[in-house]
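Trainee: I have a structure to look at and some questions about it. Can we go through them one at a time?

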Amino acid sequence: MADPVTRLAYQTLQQGKSLVGLAHKEVSTKLMELLAPAGAVPKTVPVPPQTLAALQASHGRLLEVDWRESVEGLYPPSLLFDAPWLEWASRYPLVWLDMPSTWSRRSERRVDDLPAEINRDDYPAYYLQNFHHQTDGYLSDYSASLYDLQVEILFNGTADPMRRRVLKPLVQGLRAFADRPASQLRILDVATGTGRTLRQIRGALPEPRLIGLDLSPAYLRQANRWLSQLPNELPQLVQGNAEAMPFARGSMQAVSCVFLFHELPGEARQNVLNECFRVLESGGVLVLADSVQMADSPQFQAAMDNFRRVFHEPYYRDYIGDDIDARLQAAGFGAIRAESHLMTRVWTATKP
Ligand SMILES: C[S@@+](CC[C@H](N)C(=O)[O-])C[C@H]1O[C@@H](n2cnc3c(N)ncnc32)[C@H](O)[C@@H]1O
């Protein structure tokens, strides 16, 4: 299937997603300014033309790597087109219908507007917020049903291409256990959310056992819906806090964690890394993906600034200045390396 027609189809799909994302944001921002002007404060900073050019070039490089790694056989080209298109299309009107309540939370600076029925004692305090001003935070089926689509729009269709950048280091890291049957290897995806990363991992690694951990029962229910359609062994989904994971020491050969760290206070980031280290077997690999940071991507400062101005992201400013390498070292990891793909930085580290 890796032929010029498939490549053209992939490029066209990505261009289409990009246009839809940009148009959606343009129109929704204009509407908010008109109908809920208080929600449009604080204003975004203008993005300089050179930043836009750098973003565009980086976007092109991301899609190139995404295509190349599929052609090289790391994952099937069909993964490039994988999405619940019909469901997303049917849910898209809900994204619009949800906007007025998001605007009102923004203008009233209401960030703990969560479902009354949740038991607050079950969650750490930092979690009990409306991240991105999202309705119900992470704590309802309604929120879980819109999340993937909202992320897709936010990243102009590049969320999965960025998530797939964890696949190569995972596959390479698991070579340390090449003497074992692949079906005996265990890969844990921390903060798995609705399971999009596990879906990508299953595409590249059909045999290992997959485990997803998240604090949100609603997001895990959504993950179960998506993942149970996949062939091969059903991924195991576990509700729990990544700061104190319900897994035995040394029980995993690989751990991934995507888009969690910018939503954690610094201390929790360190706790999660310590836990990743504990649950990994010696020789195991951790692949961590999250937003780029000021130190590696100063050219994207305006984009990072705007992200935290538009969305409720209380720990983002601290995160983009955090030294993740130092935290990985403090947890005990070695062989630390990192690379950036558009707005995502991917760290790979090994448990000695
Ligand atoms: C931005 S989402 C990322 C989800 C997913 N990895 C992805 O790529 O879409 C953050 C996720 O982290 C989960 N989360 C936040 N704090 C957590 C914690 N301390 N332990 C486990 N999960 C947590 C949330 O419930 C949410 O599903």
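Mentor: Start with a term: contact means heavy atoms within 4.5 Å. Helices (H or I, at least four residues) and strands (E, at least two) are DSSP runs, numbered from the N terminus. This is a predicted model, in which local features need pLDDT of at least 70, side-chain atom pairs count only at pLDDT 80 or more, and totals for chains, interfaces and linings use all residues. Residues are numbered from 1 along each chain as its sequence is written, and side-chain values use heavy atoms, with hydrogens and water left out.

Trainee: What covers the buried residues of α1?

Mentor: Buried means under 20% relative accessible area, exposed over 50%, and partly exposed in between (1.4 Å probe, protein chains only). In α1 the buried residues are T6, Y10, Q14, K17, S18, G21, H24, S28 and M32. An α-helix has 3.6 residues a turn, so residues three or four places apart point the same way. The cover over the buried residues of α1 includes α2 (49-71), α3 (85-107), α4 (141-154) and α5 (159-163).

Trainee: In β2, which residue is the bridge partner of L188?

Mentor: β1 and β2 pair in the parallel sense over 5 bridges. Of the 6 residues of β2, 5 are buried, so β2 is largely enclosed by the rest of the structure. The bridge partner of L188 is I211.

Trainee: Which residue in β4 stands opposite V190?

Mentor: Strand β1 (residues 186-190) and strand β4 (residues 252-258) pair in the parallel sense over 4 bridges. Opposite V190 stands C257.

Trainee: How many disulfides does a search of the whole structure find?

Mentor: A disulfide is a pair of cysteine sulfur atoms within 2.5 Å. The cysteine sulfur closest to that of C257 is in C276, 6.0 Å away, which is too far for a bond. C257 is buried, with a relative accessible area of 1%, and C276 is buried, also at 1%. The number of disulfides found is 0.

Trainee: Which side chain does a polar contact of 2.5 Å join to that of E281?

Mentor: E281 is in strand β5. Leaving aside neighbours within four places in sequence, E281 is in contact with residues including F177, R180, G250 and K351. The side chain joined to that of E281 by the polar contact is R180.

Trainee: Is R91 buried or exposed?

Mentor: R91 is found in helix α3. Leaving aside neighbours within four places in sequence, R91 is in contact with S145, L146, L149, Q222 and W226. With a relative accessible area of 15%, R91 is buried.

Terms used. Pairing = 2+ DSSP bridges. Polar contact = N/O pair within 3.5 Å; in protein donor to acceptor, adjacent residues only side chain to side chain.
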